[in-house]
Amino acid sequence: MSSIHRGQLEVLSIQMRPFCLPLRRPLPLCRGNSKVEITEREGTYMIINCRFHPADGSASCPCSGVGESCPLPLFHPKPCFEPIVTTPTLPRFIDFASDGISEACRAACRGNISVQGALEMALLGCISDFTGKRPSEVLWWYGGGVAEDLGNLARTVKINQMFTREERTGAALLRGCVKLKVGDDPIADAKTVSSAAEGVSESGCLRLDANQSWTPDQYELFTKSLSDVVKAKIEYIEEPTTVWCDDYISFGIPTAMDESLVTATKFPACGSPRVHFVLKPGVLGLRRACQYVVRFGSRCCLSSMFESSLSMYWYTALASLCDSQVYHGLSTSSWVLEEKEEGRSFDDLIKKDGLWLVDLDESDEALKATAQRILCSDRNDSTSVAHVGTPLVGSGIKAEQAYNVSYEAPTPGSGDANSTASGTDFTRQTELEELRKSRKRYREEAIRLRAQVRDTTIRQGQLAQEAKFEESARRAAERRAAELHEEMKSLRMRAQESREEAIRSDRLRQEAVQERDRCKEANQSLIEYSRKLRTMVQELRGKLKVNYAALKAIQDAADELSLITKNAAVSSSSVDDLMQPIPPSPPSPMTAGYSDGSATDPGADNVTSTEKRGIGDPSLAAEPQSKKMKQEDELARPCGCCQASTNTSAGVLLTAVVSVVDVGRLRRMFIKRG
C-alpha cells in the first residue's frame, strides 16, 4: 500500500444476508471414513460499511465491502455450523494495518473461522474501495508483501479440471491439469489412475486427492501398484493418509498439505521444499492463505469449497499472485446454480477450450459488479439487516441505523376533492407494502429455519459418525487390552523360563568349576609323571650309549676271531669247552625284573635259539671221544702259539655272545617301555 494510506477504519455497520444456492446434482463429500451428501449450499453475506479517516487529518471517505461465510460439512469445524444469533462484534475503530485487521476479525468471530474469513474479505473490500487498488494488490499487502516485490500480475489464471470418485470412470480427460478424487480401494484406484494417465497429454499432469482416507499401509500399497511412468505424470497427491507424515515423499509421489494446514501449529506447516500447499481460504483463513502465497507462491495452489461467485473472484485474485504455471482448484463453481438475472457467474468466466483459463481483468470487474449488486439489493431491502437492534461493540449504534431509508407519505390537503380517494389508495399501498415486507420476513425466517434444520441434520449425522467412531475405538481398545493381557501372560511365562534357565546355568557353572579343579589336579599329576618319564628316558639314553660301545667291541672281536680261525685249527677240547652251557650272566639293574625266566624274559628267545642250534646238546657230547680225536688228528695240527691264540679268541667270543644277549634284552625292554 502507498504510504499516504495511513489512518483508521471506522466501522459504521455490519449487516448479514443469508443465501441458499442449489447444486446441479447431489454432491458426495468424503473425508477419511466420513461421508455425507449435500444438495445445496447455504451461507451468509457479511456487508460492512466503513469510513476511512486518514492520519494526516484530511477529509474522510466512506467505503463498503462484502464477504462470504459458507461452511462445508466435514471440512469446517463444528463452531462454523452454529446459528449466527448476533452480529459479529468488531471494534468501532480499526488500525489500517494487516495485523490490526486480522486481530480484530479473529477476536470478533469467537472461534468461527468461516465468519472470520467473511469479515476479512469484507474489510479488504472496503480497502480496495477507497484506495482504488486491485484486489490482488490488497491481498499481497495483507499477506505481508512489499509493493516493490509484487512485480507483474498474471493476466490469466489456470484452472484444473476436477472429477469426483463417481465421475472419474470413463471421463474424457483434456489437456492441462486434471484432478482425480481417490481414497477408496487402493488397487482399484491405482488402476483408475493408470487409465487416466494414458489420456493425459505429454504436457499435462494429474493431481490426486485422497482427503485423508487411507492408512499408511493402504497408501504404500497404492504407490507400489503404480508404474514409474504413471508416477511421473502425477504432480502430487493431497493428504494421502489420516495423519500427515513428511516422509511420504519417499514413496515416489510428491505430496501436498491441505486439511493438515488447518491444524498446524507452526508456519510453514512443513519445511520440506518438495511439499506443496493447497490453500482453502474459507477454512484456513484469508490472512494465513495470503502469507503462504507471499512466502511460497511457486508451491501454493488455491482451492475452493463450492462457494458462490463472490469468493471465487477473491480466490482468483489471490491465485494471480502465485507462479503463472500453477493450476488452481477453482472449478467447483460448475456445481453451483446461481440466478442468471444476478449477472454472470464465475463458471461463465472460465474458458474451457482445451486449457481452462480465467482472465484476471474480467474477474476483477465481475467482483466489483457482484459486490455492488449485493450492496444495492441490501439497501433496497430493509429486512436484509439480520437481527435488527443488535448493537455493535464500541459503536453505540444499531444496525438498523446504517441506512435511514424511510417513506414519508404526503399529507392530504383539506380542500382537495380527491383527498379521500388518495387516502384510500395510500392505505392500500401501505398495506401491500407491509404484506410484501411480511412475506419477505417469513421467507427469510423459513430460510433460517431450514438452515437450522440442515445444521441439526448435519450435526446429528456428525454425532452418529462420532458415536460410531467411538464405538469402533472402544472395541479396538478392548481388543488391544486383550492382546496386551496375552502379551503380559506370555512375558510372565518367558520370565519364569528365564529364571529357571538362570538356575540351570548356575548349576552348570558350579559343575564346570568343579570339573576345572579336577582337571587341574589331573594335569598336575600328568606333569609329575612326565617329569619322571623324562628322567627315565635320560637314564636309558646313557645306558644305550654304553651298549653301543660294547657292540663296537664285539664287532671288532668277531672280526679278529674270523681272521685267526682262517689259519688255525681249534682242538676238540676247546670246542667242548665252547659247547658247554653258557652260565647266565649276572642280572643287571635293567633286567632284574626278568631274572625269573618267565615267558616275558627278553633273553629267553636267545637261549632257546642257542639250544636249537645244538649248543650244549647232550646227544653231541655222547659221541665217542675216540672218533672225534681221530678226525681232529687228521686235520693239521696247529702249533702251540696257535692253540693259545685259539683259546683266547674263544674266551673273547664267549664274552661277546653274553654281551649280545644283554643288548637284545635292553632293546626289547626299551621298545616295550618307549
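Colleague: Is tyrosine 248 buried or exposed?
Modeller: Buried: in this predicted model, the relative accessible area of tyrosine 248 is 7%.

Colleague: And phenylalanine 251, what's its relative accessible area?
Modeller: That comes out at 22%, so phenylalanine 251 is partly exposed; buried would need a value under 20%.

Colleague: How many aromatic pairs are there in the whole structure?
Modeller: The search turns up 18 aromatic pairs. Tyrosine 248 and phenylalanine 251 form one that is stacked, with 5.8 Å centre to centre and 25° between the planes.

Colleague: Which residues do ring pairs link into a cluster?
Modeller: Phe52, Phe96, Phe130, Trp141 and Tyr142 are linked that way.

Colleague: Switching to confidence. What's the mean pLDDT of the protein chain?
Modeller: The mean is 76, and 73% of the residues reach 70 or more. Over residues 588–624, though, the pLDDT is below 50, and that stretch has 28 contacts in the model beyond near neighbours in sequence.

Colleague: What about residues 168–173?
Modeller: There the pLDDT stays under 50, and the model has 14 contacts for these residues beyond four places in sequence.

Colleague: OK, salt bridges. What's the count?
Modeller: It comes to 22 salt bridges. In one of them, the side chains of lysine 179 and glutamate 238 meet at 3.3 Å, N to O.

Colleague: Where in the chain do lysine 179 and glutamate 238 sit?
Modeller: Lysine 179 is in strand β7 (residues 177–181) and glutamate 238 is in strand β9 (residues 234–238), so to speak distant parts of the chain, 59 residues apart. Both lysine 179 and glutamate 238 are buried.

Colleague: Which residue does lysine 181 meet in a salt bridge?
Modeller: Aspartate 209, with 2.7 Å from N to O. This pair also links distant parts of the chain: lysine 181 is in strand β7 and aspartate 209 in strand β8 (residues 205–209), 28 residues apart. Lysine 181 is buried, as is aspartate 209.

Colleague: What about aspartate 347 and lysine 352?
Modeller: Their side chains meet in a salt bridge at 3.2 Å, N to O. Aspartate 347 is buried, with a relative accessible area of 15%, whereas lysine 352 counts as partly exposed at 38%.

Colleague: On to sheets. What's the strand order in the antiparallel open sheet of four strands?
Modeller: The order is β3-β2-β1-β4. At the edges are β3 (61–69) and β4 (93–95), each pairing on one side only. From one strand to the next, the twist averages 35°.

Colleague: How many bridges do β1 and β4 pair over?
Modeller: Three, in the antiparallel sense, with β1 covering residues 7–31. Glutamate 10 stands opposite phenylalanine 93 in β4.

Colleague: Which strands does α10 touch when it packs on the sheet?
Modeller: α10 touches β2 (34–54) and β3, and its direction makes about 105° with that of β3.

Colleague: And the mixed sheet, what order are its four strands in?
Modeller: That open sheet runs β13-β5-β15-β14. Its edge strands are β13 (327–328) and β14 (351–353), and each pairs on one side only.

Colleague: How many bridges join β14 to β15?
Modeller: Three, and the two strands run antiparallel, with β15 at residues 355–359. Leucine 355 in β15 is the bridge partner of aspartate 353.

Colleague: Last one: why is helix α9 largely enclosed by the rest of the structure?
Modeller: Because seven of the 10 residues of α9 (residues 286–295) are buried. Those buried residues are Leu286, Arg287, Ala289, Cys290, Gln291, Tyr292 and Val293.

Terms used. Residues numbered from 1 in each chain as written. Predicted model: local features only at pLDDT ≥ 70, side-chain atom pairs only at ≥ 80, totals over all residues. Heavy atoms only, no water. pLDDT = per-residue confidence, 0-100. Contact = heavy atoms within 4.5 Å. Salt bridge = Lys/Arg side-chain N within 4 Å of Asp/Glu carboxyl O. Buried < 20%, exposed > 50% of the residue type's maximum accessible area, 1.4 Å probe, protein only. Pairing = 2+ DSSP bridges. Axes fitted to C-alpha atoms, helices over the stretch in contact; angles between N-to-C directions. Phe/Tyr/Trp six-rings, centres within 6.5 Å; stacked < 30°, edge-to-face > 60°.
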